[in-house]
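Trainee: I'm new to this one, so could you take me slowly through its aromatic side chains and what surrounds them?

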Amino acid sequence: MHPARQNLHLIPLEIAGGDWEMQYSPYVYYNEHCIVLNREHAPMVINGAVFHKLLEFIDIFPHCFIGSNADLPIVGGSILSHEHFQGGNYNFPLQEAEVETEFKSAGFNGQISIVKWPMSVIRISHNDKNALADFAAKVLENWRKYSDEDSHVFAESFGIPHNTITPIARKNGENYELDLVLRNNITTEEHPMGLYHPHEELHNIKKENIGLIEVMGLAILPGRLKIEMKELTRAVINGEDMAQNPLIGKHEAWINSRLPKYENINEENIEQILQTEIGLSFKTVLEHAGVFKRDNEGKAAFRRFVEGLL
């Protein structure tokens, strides 16, 4: 048992006319990792008002980003019973990702683009935060009801909604910027935990929900991997039968499919090899979570959705 943390102080904030509290996270996944909580007990909801809240926070802390987990099971990635955001002073890989396709809209004179990223990300920016929030609300409204059978995107099934957004806000020069990550939580017989969720062949590395921090490119991996990778390192070097080891048997197919590409594996490089392969597996996990895939058909389908907003 550890003593209670006594250094977590709540900082009162007013955001969009409501009372909020901010505290620095005890997990400290990155610089100035903070959690912003609605003082009123209210469930997580992604709606038009959320974009205004996020952008008002940026006015108070322009050096930070802030984002919200999605509001549906499987893709929510966090507690859905209480409205909260996460922020901090940190540049994630998503922020550095290049723009792939740009669009123009007669009704919105800000920037609209698709980001080159494993997940499906629309980036919009404008120097007017209200205009930006209003256009983000339009994206959300259209995505909530959007279906594309060819891409296996369905807005709902049996009356259960599937489409939502993971939003991230930041300041970029004089402009406010929003990354809107399209999410869908549909399940199938082949993927009962979620079609746009880490697939079963990578559950040895990651089977938990993909939340806000992971969407932006920072892997939050289960603590068990630290012990398992140490044991796996020993087993690979010693040529042991991993199937007989209950701690690492789950990794046998994964590691056997990856090691053949390395010509020389030894005690000096095995740890780095495993770290590299975990990173590549996490990239694949993000591709699994991407609604529109990164092949030509998926890119074309993504463009069709964005063009429908213009």
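Mentor: Let's start with burial: a residue is buried under 20% relative accessible area, exposed over 50% and partly exposed in between, using a 1.4 Å probe and protein chains only. Keep in mind that this is a predicted model, where local features need pLDDT of at least 70, side-chain atom pairs count only at pLDDT 80 or more, and totals for chains, interfaces and linings use all residues. Residues are numbered from 1 along each chain as its sequence is written, and side-chain values use heavy atoms, with hydrogens and water left out.

Now the rings. Two rings of Phe, Tyr or Trp (for Trp, the six-membered ring) pair if their centres lie within 6.5 Å; planes under 30 degrees apart make the pair stacked, over 60 edge-to-face, and the rest tilted. By that rule there are 14 aromatic pairs here. Take Trp 20 and Phe 85, which are stacked, with 5.0 Å from centre to centre and 20° between the planes. They bring together distant parts of the chain, 65 residues apart: Trp 20 sits in strand β2 (residues 18-24) and Phe 85 in strand β5 (residues 84-88). Strands here are DSSP runs of E, at least two residues long, and helices are runs of H or I, at least four, numbered from the N terminus. Trp 20 has 2% relative accessibility, so it counts as buried, and Phe 85, at 1%, is buried as well.

Tyr 27 and Tyr 29 form another stacked pair, because their ring centres are 5.8 Å apart and their planes are at 10°. At 59% relative accessibility, Tyr 27 counts as exposed, while Tyr 29, at 36%, is partly exposed.

Some rings gather in a group: Trp 143, Tyr 146, Phe 292, Phe 302 and Phe 305 form one aromatic cluster. Phe 305 also turns up in the largest nonpolar core, a set of 48 residues in which Val 36, Phe 57, Ile 122 and Phe 305 touch the most other members. Such a core is made of buried Ala, Val, Leu, Ile, Met, Phe, Trp, Tyr and Cys residues joined through side-chain atoms within 4.5 Å. Helix α3 (residues 129-144) supplies the largest share of this core, seven residues. Leaving out residues up to four places away in sequence, Ile 122 has Phe 302 and Phe 305 among its contacts, a contact being heavy atoms within 4.5 Å.
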